[in-house]
Structures are given as structure tokens and as C-alpha cells.
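I opened the model to look up a few details and kept these notes as I went.

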Amino acid sequence: MPDGNNKKLNIIFVCTGNTCRSPMAEFLFKDYLKRKGRASDFTVSSAGLAVEKGSALSENACAKTFTVAMSLEADLIVAMSDMHAERCGSDNAVSFEELIGSPISDPYGGSTREYIDCAVQMRSAFDTVLDIADERLEEKRKRG
């Protein structure tokens, strides 16, 4: 799809606290795009709707709170559930619940198996997410 236009589509994955699901979706989707040879077409990030101050993903990464500015800058918001999508306050939001028929289960505090199941759920929607992103990218590039 690249057409020489350097405009990228801004995709944000959103969950509650930005400590499990949305960062997992961000990194899995970045890997998915890299394997498809499409990483240069997209900017992918993640944020949480109710991030607790000081929440951390790891020693060197802090959870990000979803902001109004993020909502306005996002070309596509992919939320873990319909409730998360509604709370984003944007027409650009879709949910995994819409895409695969169920919300993404929260593995926080769960077993390794629960994290793997969460990743499998997410990956099952990535082809559809890319289709939606490609449509929006084409529209964005047409607008110039």
C-alpha cells in the first residue's frame, strides 16, 4: 500500500490501567506489522483510561494515561471492550469485543496461561484491525 506519501496512521490500544492488555496489544501488533512489512505505515502506542499514579509496566517504563489529546490525534483507537471504546469518547474507537465477539480478558495477576490466552485473543483480530487501519490510512492519504 505505500504510495510514497510519508503520512502514517496513528493507532492506540486502550485498556483500563495500561499495565497488561494494551501494552501487550501494542507490542504484539508492532511485531505483526513488522512481519507483514508494514511497520513504516503506522505509529502504534497504548494507554489506559484509569492509570494509577506510579503504575509501571517494568523498571524502565511507566503506564500512560489516555488523554483528550490522544483521542483527537488517534486515527484508530482499539479498545479491549465496548465499555473502553465508549469511554474513549471518539468516533475513531473500535473494540476487540466488536471484532471478535468478546472483550479481551484481563490477565492481571493471572497465570502464564491466562496471558497466553489473552495474546491469542488479540492476535485473532489483527488481520481485521489491519484492514480497518488500511482503509483509514488510504482516506488519510487521499485527504493529503
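Which backbone nitrogen lies 3.0 Å from a polar atom of the side chain of Ser95? I found that it is the backbone nitrogen of Glu98.

**Ground rules.** I noted that this is a predicted model, in which local features need pLDDT of at least 70, side-chain atom pairs count only at pLDDT 80 or more, and totals for chains, interfaces and linings use all residues. Residues are numbered from 1 along each chain as its sequence is written, and side-chain values use heavy atoms, with hydrogens and water left out.

**Confidence.** I looked up the pLDDT (the predictor's confidence in each residue, from 0 to 100) and found a chain average of 90, with 88% of the residues scoring at least 70. Over residues 1–5 the pLDDT is below 50, and this stretch has 9 contacts in the model beyond near neighbours in sequence, a contact being heavy atoms within 4.5 Å.

**Ser95.** I placed Ser95 in strand S6, residues 93–95; helices (H or I, at least four residues) and strands (E, at least two) are DSSP runs, numbered from the N terminus. Ser95 counts as buried because its relative accessibility is 0%, where buried means under 20% relative accessible area, exposed over 50%, and partly exposed in between (1.4 Å probe, protein chains only). The side chains of Ser95 and Asp82 are joined by a polar contact of 2.5 Å, that is, a pair of N or O atoms within 3.5 Å, of which, within protein, one must be able to donate a hydrogen and the other to accept it, with residues adjacent in sequence counting only if both atoms are side-chain atoms. Leaving aside neighbours within four places in sequence, I listed Ala79, Ser81, Asp82 and Ala85 as contacts of Ser95.

**Sheet.** I traced an open sheet of 4 strands in the order S2-S1-S5-S6, with parallel pairing; two strands pair if DSSP finds at least two bridges between them. Its edge strands are S2 (42–48) and S6, each pairing on one side only. Strand S1 (residues 9–15) runs parallel to strand S5 (residues 76–79), and 4 bridges join them; I noted that Ile12 has Ile77 as its bridge partner in S5.

**Helix H1.** I checked the length of H1 (residues 21–36): at 1.5 Å a residue its 16 residues should span 22 Å, which agrees with end C-alpha atoms 22 Å apart, the expected span being 1.5 Å times one less than the number of residues. Among the buried residues of H1 I noted Leu28, Phe29, Tyr32 and Leu33. After H1 comes Gly37, whose phi is positive, near 70°.
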